[in-house]
Amino acid sequence: MGARWRNLQDIMPAAAYKKWIDRVFDFASQNSIRVLLDLHGAPGAQADKSFTGCNPGTGNIFFDTDWNRHLAVQAVEAMAVLCQSKGANCYGLELLNEPDGRIPRDHLLTYYTAAITAVRKHLPLDKPLMIMEWPDQLGWWKDRKPFNYADHGRILFSTHVYGNFQVDTTWQQAARDDVANNLGKIKNFHLGSPYPLVVTEYALAGHGSAMPEDPFDYNRSEERRVGKECRSRW
């Protein structure tokens with residue numbers, strides 16, 4: 001597997017890739033869009049999924065080591081330098097995408113604390129830094145409340161809501177019931193935590209074919225009960 005990871009280095013040198021990042025920022029600026037930079041694949045892989053850079057295989061998750069954490073901090077500091085150079089066009093940074101639940105959250109806390117310290121050398125306290133966490137793990141952070149504005153700046157949490165694609169959610173109420181447990185955990189974090197929470201991925205996949213004959217009412221999916229109940233707090 002090590003050889004597969006090394007092969008990724010032959011795709012394009014990091015310095016050469018920057019021109020494509022610049023193009024993204026140029027396009028965003030021309031269309032009044034701000035960019036959130038995200039560390040999508042951590043050194044050693046924070047999940048056994050292809051989005052970490054390549055598919056490392058089931059259970060091959062090696063991010064939770066001191067060395068890989070050190071490399072990840074270096075990566076997000078480089079992202080912070082880039083973000084700072086883009087000014088207001090860069091909204092902020094997300095420090096890691098979808099860490100697997102098998103990674104100890106104490107390790108993640110150590111990483112995030114070191115990463116925030118490195119990033120704040122380049123970005124002001126009011127520039128948002130985002131911590132992605134699954135609904136099942138949000139309570140861990142709510143109970144500890146490890147970050148404050150004076151030391152860490154503006155910290156936001158994000159989460160992703162996906163239903164169980166193995167169940168039939170063809171009808172609107174079935175789809176709502178499928179994600180109700182996750183939405184309850186999101187609401188609990190929102191009401192009991194000092195950190196703003198943003199749902200940055202929400203899947204409408206798996207409900208139907210999306211063809212004209214598909215009976216699922218996609219338009220009604222914007223009517224989220226949690227959003228209605230918490231609107232006054234946003």
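## Tyr-195 and Phe-147

With a relative accessibility of 6%, Tyr-195 counts as buried (under 20% relative accessible area, exposed being over 50% and partly exposed in between, with a 1.4 Å probe and protein chains only). Phe-147, at 5% relative accessibility, is buried as well.

## Basis of the report

This is a predicted model, in which local features need pLDDT of at least 70 and side-chain atom pairs count only at pLDDT 80 or more, while totals for chains, interfaces and linings use all residues. Residues are numbered from 1 along each chain as its sequence is written, and side-chain values use heavy atoms, leaving out hydrogens and water.

## Aromatic pairs

Rings of Phe, Tyr and Trp (its six-membered ring) pair if their centres lie within 6.5 Å; planes under 30 degrees apart count as stacked, over 60 as edge-to-face and the rest as tilted. The count by this rule is 9 aromatic pairs. One of them is tilted: Trp-141 and Phe-157 lie 5.8 Å centre to centre, with 55° between the planes. Trp-141 belongs to helix 5 (residues 138-144) and Phe-157 to strand 4, so this pair ties together parts 16 residues apart in sequence. Helices (H or I, at least four residues) and strands (E, at least two) are DSSP runs, numbered from the N terminus.

Trp-141 is buried at 0% relative accessibility, and Phe-157 is buried with a relative accessible area of 0%. The ring centres of Phe-147 and Tyr-195 are 6.3 Å apart and their planes meet at 65°, so the pair is edge-to-face.

## Thr-159

Strand 4 (residues 155-161) contains Thr-159, which is buried at 0% relative accessibility.
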